[in-house]
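Work through the exercises below with the sequence and the model open. Try each task before reading its solution.

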Amino acid sequence: MNNYSINEELNKLFDKWHEEIYPDEKIFIRDGIINEVIWESTPKKILFIAKEANNRSDVSWDFREWWGDSFNYTFSHRVAEWAYGILENFTDYDTIDSYVKKLETLQKIAFMNINKTGGVGTASNQELKNHIDKSKSYILKQIEIINPEIIISCIGDDLNDYLFSEKNWSKSGFAIWVKKYENAKLISFLHPSARSFASAPYCLLKSVFESQPFKNL
């Protein structure tokens, strides 16, 4: 029997990350594979990357625990919808019509933030570049441990260039950049909290997946 746990490996990484990079920070917000058992049986291994958690509390917490049994806010709804589309071959947006369906979808993905210390508003690109400078080896190690097949990186083109290198990006044909990163197809996509009609980014993501440049990765 294989007793290896990806999330246990991530927890070891987070302990070291917190201790070595943010020893004076009380807050360290963990993330990773939301439900490892369900992840193992999910045919497409999807990782979403965001900037930082909007955290107004004074305690640490874990996305894996939060999304394990509930969710709220526009951000979580969009992630669930996009993941549902990827997993269900972009069925009509109107079929994603229930909270339960979205919660079940969140159990099938992995999620991570660049800045693990959280924030209370919109972080500038320079602030996030500072976090990447300090934590890049840990950020990339977390991605390596998760080992996704598809990465939806929602941190913006500039930060995606900074984290993943500006080289070898391709135009999808829909003003969205794509590239191969290790074993994954990587998309530099919109932020889940971006203001738009909810179905619009879903349809845009569908178009990217159907584009020849993405298929060729």
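## Exercises on a predicted model

The covering of the buried residues of α5 includes α3 (63-69) and α4 (73-87). This is a predicted model, in which local features need pLDDT of at least 70 and side-chain atom pairs count only at pLDDT 80 or more, while totals for chains, interfaces and linings use all residues. Residues are numbered from 1 along each chain as its sequence is written, and side-chain values use heavy atoms, with hydrogens and water left out.

**Exercise 1. Which residues of helix α5 are buried, and where do they lie around the axis?**

Step 1. Helices here are DSSP runs of H or I with at least four residues, strands are runs of E with at least two, and both are numbered from the N terminus. Helix α5 covers residues 99-106.

Step 2. Buried means under 20% relative accessible area, exposed means over 50%, and partly exposed is in between (1.4 Å probe, protein chains only). In α5 the buried residues are Lys102, Leu103, Thr105 and Leu106.

Step 3. These residues lie on the same side of α5, because their arc around the axis is only 160°. The arc is taken from the directions from the helix axis to the C-beta atoms.

**Exercise 2. What kind of aromatic pair do Trp17 and Phe28 form?**

Step 1. Rings of Phe, Tyr and Trp (its six-membered ring) pair if their centres lie within 6.5 Å; planes under 30 degrees apart count as stacked, over 60 as edge-to-face and the rest as tilted. By this rule there are 22 aromatic pairs.

Step 2. For Trp17 and Phe28 the centres are 5.9 Å apart and the planes are at 70°, an edge-to-face pair.

Step 3. Trp17 is in helix α1 (residues 6-21) and Phe28 is in the loop between α1 and β1 (32-33), so the pair ties together parts that are eleven residues apart in sequence.

Step 4. Trp17 is buried at a relative accessible area of 0%, and Phe28 is buried at 3%.

Step 5. Trp67 and Phe75 make a stacked pair, because their ring centres are 6.4 Å apart and their planes are at 25°. Both Trp67 and Phe75 are buried.

**Exercise 3. Is Asp31 buried or exposed, and which side chain does its side chain meet in a polar contact?**

Step 1. Asp31 is in the loop between α1 and β1 and is buried, at 0% relative accessibility.

Step 2. A polar contact is a pair of N or O atoms within 3.5 Å; within protein, one must be able to donate a hydrogen and the other to accept it, and residues adjacent in sequence count only if both atoms are side-chain atoms. The side chain of Asp31 makes such a contact with the side chain of Lys116, at 3.1 Å.

Step 3. A polar atom of the Asp31 side chain also lies 2.9 Å from the backbone nitrogen of Asn113.

Conventions:
Contact = heavy atoms within 4.5 Å.
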